[in-house]
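The entries below follow the order in which I looked.

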Amino acid sequence: MNKYIAEFLGTFFLVLTIGCTDRCQFGRDCALAIGAALMVMVFAGGHISGAHYNPAVTLGVLIRGRLNAADVVPYIVAQLAAAASAALAVKFSGLELT
């Protein structure tokens, strides 16, 4: 169960960062923010879940043979739920996106 929670949290904060920097006027700074958030989440949860944070990466890891097939659906469900939650958080955050 901990690996699914780690996937949820990592995906949530990655999508939240992307959503908050979506309309940033400083392109390079936005990319650095997203990369830094991903780096932090990989270091924080990589040893627990593998830090896929993306259904495409999960499928790639499965094809590579490094993931048990029984874990694929719970990983993807956690990732999609986290992405939807982060999108709602961005939408209702009150940020003035220009």
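**Entry 1**

I started from Tyr75 and set aside its neighbours within four places in sequence; the residues in contact with Tyr75 are then Lys3, Tyr4, Glu7, Ser49, His52, Thr58 and Leu67. Contact here means heavy atoms within 4.5 Å. The model is a predicted one: local features need pLDDT of at least 70, side-chain atom pairs count only at pLDDT 80 or more, and totals for chains, interfaces and linings use all residues. Residues are numbered from 1 along each chain as its sequence is written, and side-chain values use heavy atoms, with hydrogens and water left out.

I then looked up the largest nonpolar core, which has six residues: Tyr4, Val61, Leu67, Val72, Tyr75 and Ile76. The largest share of this core, three residues, comes from helix 4 (residues 72–91). A nonpolar core is a set of buried Ala, Val, Leu, Ile, Met, Phe, Trp, Tyr and Cys residues joined through side-chain atoms within 4.5 Å. Buried means under 20% relative accessible area, exposed over 50%, and partly exposed in between (1.4 Å probe, protein chains only). Helices (H or I, at least four residues) and strands (E, at least two) are DSSP runs, numbered from the N terminus.

Which residues here have a positive phi without being glycine? I found Ala51, at about 55 degrees, and Tyr53, at about 60 degrees. I noted for reference that most residues other than glycine have a negative phi. Ala51 lies in the loop between helix 2 (27–49) and helix 3 (55–64), and Tyr53 lies in that loop too. Ala51 is buried, with a relative accessible area of 13%. Tyr53 counts as buried at 5%.

His52 is in this loop as well. Is His52 buried or exposed? His52 counts as buried, because its relative accessibility is 10%. Beyond its neighbours within four places in sequence, I listed Glu7, Val57, Thr58, Val61, Leu67, Tyr75 and Gln79 as contacts of His52.

**Entry 1: helix 3 against helix 4**

I looked up the axes of helix 3 and helix 4, which come within 9 Å and cross at roughly 165 degrees. Axes are lines fitted to C-alpha atoms, for helices over the stretch in contact, and angles run from 0 to 180 degrees between N-to-C directions. The two helices are therefore roughly antiparallel to each other (angles over 145 degrees count as such). From helix 3, Pro55, Thr58, Leu59 and Leu62 meet Val72, Tyr75, Ile76, Gln79 and Leu80 of helix 4. I sorted the residues of this contact into seven nonpolar, two polar and no charged. Ala, Val, Leu, Ile, Met, Phe, Trp, Tyr, Cys and Pro count as nonpolar, Asp, Glu, Lys and Arg as charged, and the others, Gly among them, as polar.

**Entry 2: helix 1 against helix 4**

Helix 1 (residues 2–20) packs on helix 4 at an angle of about 35 degrees, with the axes 8 Å apart. Among the residues making the contact are Tyr4, Phe8, Phe12 and Leu16 of helix 1 and Tyr75, Ala78, Ala82 and Val90 of helix 4. I read the division for this contact as 16 nonpolar, four polar and two charged.

Last, I checked Phe13, which is in helix 1. Phe13 counts as partly exposed, at 38% relative accessibility. Phe13 and Ala89 are 76 residues apart in sequence and 11 Å apart in space, C-alpha to C-alpha.

Key. Parallel < 35°, antiparallel > 145°, perpendicular 65-115°, else oblique.
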